[in-house]
Amino acid sequence: MLNKLLVAAAVAAIAYAASPADAAKVSAGCSGGNLGKTESMVEAMADGDAKITAQKEISAAQEAMLAGKMGVCAAHLSKASHVGGAK
């Protein structure tokens with residue numbers, strides 16, 4: 001029983017130590033600067049289905065950022081930039 005508790009505590013400590021670094025990597029993709037760059041790129045696009053799709057992704061990214069969901073925000077920004085051709 002004690003061994004199981006020690007193992008569980010060790011796993012929790014390792015997961016806690018690794019998570020801030022992972023969060024920093026994800027949040028770098030979702031920043032005000034990246035959001036602004038992507039919005040500028042989409043504004044310069046020709047009107048059409050691709051532009052509408054990219055605008056929806058940017059809107060979803062903004063909502064995710066405001067909710068503190070940085071990973072979701074980064075994913076939507078990535079989708080918007082790929083639709084726009086900024087790969």
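This briefing looks at two kinds of side-chain link in the structure above. The structure is a predicted model, in which local features need pLDDT of at least 70, side-chain atom pairs count only at pLDDT 80 or more, and totals for chains, interfaces and linings use all residues. Residues are numbered from 1 along each chain as its sequence is written, and side-chain values use heavy atoms, with hydrogens and water left out.

**The disulfide**

- Counting pairs of cysteine sulfur atoms within 2.5 Å as disulfides gives one disulfide.
- Its partners are Cys 30 and Cys 73, with an S to S distance of 1.9 Å.
- The link of Cys 30 and Cys 73 is right-handed, with 80° about the S-S bond.
- Cys 30 sits in the loop between α1 (2-29) and α2 (32-43), while Cys 73 belongs to helix α4 (residues 70-83), so the pair ties together parts 43 residues apart in sequence.
- Helices here are DSSP runs (H or I, at least four residues), numbered from the N terminus.
- Buried means under 20% relative accessible area and exposed over 50%, with partly exposed in between (1.4 Å probe, protein chains only).
- Cys 30 is buried at a relative accessible area of 2%, and Cys 73 is buried at 0%.

**The salt bridge**

- Side chains of opposite charge can pair when their charged atoms come close.
- A salt bridge here is a side-chain nitrogen of Lys or Arg within 4 Å of a carboxyl oxygen of Asp or Glu, and searching the whole structure turns up one.
- Lys 51 and Asp 47 form this salt bridge, their closest N and O atoms lying 3.2 Å apart.
- Lys 51 is buried, with 13% relative accessible area, whereas Asp 47 is exposed, with 69%.

Conventions: Helices (H or I, at least four residues) and strands (E, at least two) are DSSP runs, numbered from the N terminus.
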